[in-house]
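Please open the structure in a viewer and keep the selection tool at hand.

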Amino acid sequence: MSSPQGSMPTPGARDGVDTRLRRGARATTTTPHSPATTSHPHRVAIIGGGPGGLYTAALLKRLAPDRQVTVWERNAPDDTFGFGVVLSDETLGGIEHADPAVHAALKADFVRWDDIDIVHRGTRQTSTGHGFAALGRRRLLEILHDRCRSLGVDLRFRAEAPRPDRLAREYDLVVAADGVHSTTRETYRDAFRPRLTTHRCRYVWLAADFAFEAFRFDIAETEHGVMQLHGYPYAPDASTVIVEMREEVWEGAGFDELDESESTARCANIFADALGGRPLKSNKSAWTAFRTVVNERWWHGNVVLLGDAAHTAHFSIGSGTKLAVEDALALAACLEEQPTIENALTAYEEERRPVVASTQRAAKASLEWFEDLSRYVDQPPRRFAFNLLTRSRRVTHDNLRLRDPRFTESVEHEFGCPPGTPPMFTPFRLRGLTLRNRVVVSPMDMYSATDGVPGDFHLVHLGARALGGAGLVMTEMVCVSERGRITPGCAGLYTARQAEAWRRITDFVHAQAPGTAIGVQLGHSGRKGSTRLMWEGMDEPLPEGNWPLVAPSPLPYKPGGQVPRELSRAELTDVREQFTAAAARAARAGFDLLELHCAHGYLLSGFLSPLTNRRTDAYGGSPENRLRFPLEVFDAVRGVWPEDRPMTVRVSAADWTEGGTTPEEAVAVARAFAAHGADAVDVSTGQVVSDERPEFGRSYQAPYADRIRHEAGVPVIAVGAISSWDDVNSLILAGRTDLCALARPHLYDPHWTLHAAAEQDYEGPGVVWPAPYRAGSRRPVTGRTDALRPGFTPYGGRQDV
């Protein structure tokens, strides 16, 4: 009753396996109790005989031999869908300590391999050192059937489970492991509040009667579009083969009109080279679109969801069976540790939810990469392979460098890295400005100016980060008028005094941190102005001294907030002139680069988003009309900004709410600015409306930069929870961005870039230590250095450490 999951796992990922069962099984007896007074249920009903349900049954029965555990499975014992499953070493470790008998049986049947082959346009790239283990899904079920029978679990095959509400009345605990189409979840929909998302690719599970030498990705570029094969061995003479393609490609190729045997034969013909001309076989194999399942709650009363019923993650990171088995381990442990079923189910969900959420974020990145595969097919072969391997963001440049240094070095060489130079320390040219590395200190509002004048704080803040080695240091949003400020503490460039203060800062950077560029971000607050300093109440109105706001349309940013006045045509001209005057002052102040702030719901962003622009004149309505005023401002600023100095634009590529800017519109916006002379697009998201629901996660905004870079053909700056130098190297080498802007890491460590160089043992022109700091260019030694190396005692005997 569970859906087949288990293609490629992400090697090196942190699996989050619960290991508390390593203390051994609880072999005492129990007696029936009310669910409210015990977490050791005597009567347990399990709906679904997939790996998750069966393993839960085995664990619960082993922990309490007199416990009555019944499993209902609508299919026959030897019915299964899909062919092979992959489990990580960490998951296997959890199984080994929880039930050595199951682990021993699995271990005897596993097929192991280390390589990943990526075949594209007749070229095969091989990366090694990954470590996979797989076995047949049918064999996995046989092992679990045998273990359940040996423990006395009541297995009922070809049997529909009674209704969940009936089971909940008759049993102490009901475990719903009934798969992606869970009847239990639907029965209690109001309690679980599921969200199901159907994705854009069709895929089918097939098999081949031979073993691939490695995990294999094959890319076929057909007249109908791009198709891909995911294949891996699961037995000495058998491999799983998954064929996947976009819905429109599937229809264009006529798969929607073929029966099962015809479809299987067509797939074998398309991927004949990968298969060596051998046929494929099916097993009730139907084309389907993947569905991501997310539930707001995982349990209700004494009913709990497990595996695909609770959550799904795309097969391309091999997570379905793994997650279900780990759910079973965690549920059994929580039932043993907690005093009541309610406490146990609460602990189970609290423990598993963040692990699953992390996996689902990685799976989403992976499935979207394959959905958009056609975007990357023109990349050089090694870079394409690296991009594929790092698509989920769990496998990184540093992971691959440790596992397969030869492959990683070949990708770096193809990219143009000099020997020993990490990608982040390669130069990048924007118009007449060459940045010595790819790190940008992202604009960060400091709210510490007086009358718009930057003072000693700004000198130290920006000067320290310039000394810290970044290729480009950006100011906070510098406001073009007094009424264009966000708060009373915002810096400006609307007076000569402000320009002089900025000149003091740029002079310091150029003199004391030669080779570091400093850029200014110009903006106008629009409807988000006249608010308190961030630490006094972000986006909250001032208690007194408010100034009137202007915006494209008279819509407050927050309910109950100040309503801005809709800008008239004459006022639009005034605002445009404020931007050009500020840009001219910025040029005289010595800035190397200028960025126009068209993001985060400020004035120019307010014109771009359909959520904030309700105008009926030439500046509202269609995407082209909404672009009109920001482009007019850009053109005016470009006209006064020195020709040899670059200009960038920051945009919000998503509003994170229904009816907002679409990805297609974001690409069109970027393309339009590039056509008007923007040298790069700084791709952010959100902060346009107050009721947004961002999907936070590591590098969560980078996919938007990736799309704009490839579809608009313009250099991009990626932002958004990029926190490690490994992330920077990975994103750049994969071709998802040209530059990476980091904010909070530079607040934590002003010398972040210098330390990134030291941690990678890099010394070269991509980063230069200031002479007074050079003694700190090596990480200080900590701890003992004279300790005995592990492995042998002084007397030659083996140690156990």
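The stops below move from confidence to an annotated domain, a helix and several aromatic groups.

This is a predicted model, in which local features need pLDDT of at least 70, side-chain atom pairs count only at pLDDT 80 or more, and totals for chains, interfaces and linings use all residues. Residues are numbered from 1 along each chain as its sequence is written, and side-chain values use heavy atoms, with hydrogens and water left out.

**Confidence.** Colour the model by pLDDT, the predictor's confidence in each residue, from 0 to 100. The protein averages 91, and 92% of the residues score at least 70. Next select residues 1-20, where the pLDDT is below 50. In the model this stretch has 97 contacts beyond near neighbours in sequence, a contact being heavy atoms within 4.5 Å.

Select residues 424-757. An unreviewed UniProt entry annotates them as "domain: NADH:flavin oxidoreductase/NADH oxidase N-terminal"; UniProt positions are given in the numbering used here, feature names are shortened, and annotations may be inferred rather than shown by experiment. The end C-alpha atoms of this span lie 9 Å apart, and 36% of it is helix and 16% strand. Helices (H or I, at least four residues) and strands (E, at least two) are DSSP runs, numbered from the N terminus.

**Helix H22.** Move to residues 663-675, the 13 residues of H22. From first C-alpha to last, H22 reaches 18 Å, close to the 18 Å expected at 1.5 Å a residue (1.5 Å times one less than its number of residues). Which residues of H22 are buried? They are Glu665, Ala666, Val667, Val669, Ala670, Ala672 and Phe673; buried means under 20% relative accessible area, exposed over 50%, and partly exposed in between (1.4 Å probe, protein chains only). Their cover includes strand E24 (593-598), helix H21 (623-640) and helix H23 (702-712). Just after H22, select Gly677, which takes a positive phi of about 110 degrees.

**Aromatic pairs.** The whole structure holds 27 aromatic pairs. Rings of Phe, Tyr and Trp (its six-membered ring) pair if their centres lie within 6.5 Å; planes under 30 degrees apart count as stacked, over 60 as edge-to-face and the rest as tilted. Select Trp656 and Tyr704, an edge-to-face pair at 5.8 Å centre to centre, with 80 degrees between the planes. Trp656 lies in the loop between E25 and H22, and Tyr704 in helix H23, 48 residues apart. Trp656 counts as buried because its relative accessibility is 13%.

**A charge over a ring.** Finish at Arg278, which lies over the face of Phe210, 3.6 Å from the ring centre. The criterion is NZ of Lys or CZ of Arg within 6 Å of the ring centre and within 35 degrees of the ring normal.
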